[in-house]
Amino acid sequence: MQPQSFRFRAVLTGATAFTLAAALAACGSTDGGNKGDSAKAGAGKGAATATGSSSASAASSAPGSSAPGSPTAGSTSAAATPVPAAGSGKVLMPTGPQAAFGKARDTAAGQIMMTTLAGPKSGVSGKVWVWLPPEYNDPKYAKTGFPVLTLYAGGQSAGYNTWTDNQLPIQEVDADLAKQGKAHPFIMIMPVQNLDSNEAKALECADIPGQPKIGTWMAEDIPDFVRANFRTVKGRDGWGLMGASTGAFCSAKLALQHPDKFKAAVPIDGYFNPDSPLWKGYENDRQANSPDLLVAQGKADVRILATAGGANAYEMKLVKAWVAKAAAPLTVEYYEQPGGKHLTTDFKKMIPDTLQWLTKNLAGPQSD
């Protein structure tokens, strides 16, 4: 096992010419995960400024217009494998079958729904939360496909996802920025990452031999579930990943392993070397799931924004070293949050800017 501090911090990066917008007002409490989540401490203040970049190739953006569609609400249930849609347009209409959703909570930007996805490819059954932007159900956008952002939490994330919590109001921020034309209205997907709260059983978003195939659940079953239920942008250009702390590891790993499915990722305050005790005896498999090795292989044409907190010298060194390994066609940008600590309050401050970075690097809503 790596020391907890190692796993605690992998920060957000910014592009060479990328300047983060003013930070949001700090929120009160921190979320209560274990490894990868912070204890209560003072959050760093001030807006962030871009600090250089270390990447393999230049990134470009692909925006779009607005969008909608709509699932049914109801009790929690599973979803099956969708049938691929025919045609060469930009929009993929829901392929079905439709899952049943229950309401998790209301936000100022609309309802967060929840269902339990029984993955037909992985055999894993776990909770998934979904938020649809206000545009999605606007009749004007009934035939528009939307970009998808999957969000991974800090801590063990067994039975919860902190991006559904009001401490990280990413849904309200996205709705506001979309109204201003500064961010895409994203469909947000927020799955659990583990099936047990015990860190000794951390699955690290991977198919560890002899363990539940959570990697397949995340990379295959969840995208299939999204396409089955919602109008999406066809192809990978509208699919992004973001996570904080332990979730940062997941977002970096999955983007590097599946560049055919995801175009961009934002690992916030993460780590890059798999350290779950479950890898014992499976070193080759562990290495195959290591972002620390995948980043240098030159196999993934994806764009990554990696961040680090300026108040943690160890974290800055760790993230900078990882960014420096990036091999083309991969592009990795580095951002250092001035005074940033491993706190939910600091993660919250970066929400507007990470959404705008993702908007520049992912396709927006599309209509045929």
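Helices (H or I, at least four residues) and strands (E, at least two) are DSSP runs, numbered from the N terminus. By that count, the chain here has 9 helices and 13 strands. This is a predicted model, so to speak of local features we need pLDDT of at least 70, side-chain atom pairs count only at pLDDT 80 or more, and totals for chains, interfaces and linings use all residues. Residues are numbered from 1 along each chain as its sequence is written, and side-chain values use heavy atoms, with hydrogens and water left out.

**The chain as a whole**

- Of the 368 residues in the chain, 58% are buried (under 20% relative accessible area; exposed is over 50% and partly exposed is in between, with a 1.4 Å probe and protein chains only).
- Take the contacts (heavy atoms within 4.5 Å) between residues at least 6 apart in sequence: 80% of them join residues at least 24 apart.

**Helix α7**

- Glu 315, Met 316, Leu 318, Val 319, Trp 322 and Val 323 are the buried ones in α7.
- Looking down the axis of α7, its buried residues fall within an arc of 165 degrees, so they line one face of the helix (the arc is that of the directions from the helix axis to the C-beta atoms).
- Over on the other side of α7, you'll find Ala 313, Lys 317 and Ala 324 exposed.

**Helix α2**

- Helix α2 (residues 170–179) is mostly covered, with 7 of its 10 residues buried; among them are Ile 170, Val 173 and Leu 177.
- Just after α2 comes Gly 181, which takes a positive phi of about 75 degrees.

**Aromatic pairs**

- The structure holds 7 aromatic pairs (rings of Phe, Tyr and Trp, using its six-membered ring, with centres within 6.5 Å; planes under 30 degrees apart are stacked, over 60 edge-to-face and the rest tilted).
- One of these is the tilted pair of Phe 101 and Phe 230, at 5.9 Å centre to centre and 50 degrees between the planes.
- That pair links distant parts of the chain: Phe 101 sits in the loop between β1 (91–92) and β2 (102–107), and Phe 230 in the loop between α3 (214–229) and β8 (232–233), 129 residues apart.
- Phe 101 is buried, at 0% relative accessible area, and Phe 230 is buried, also at 0%.
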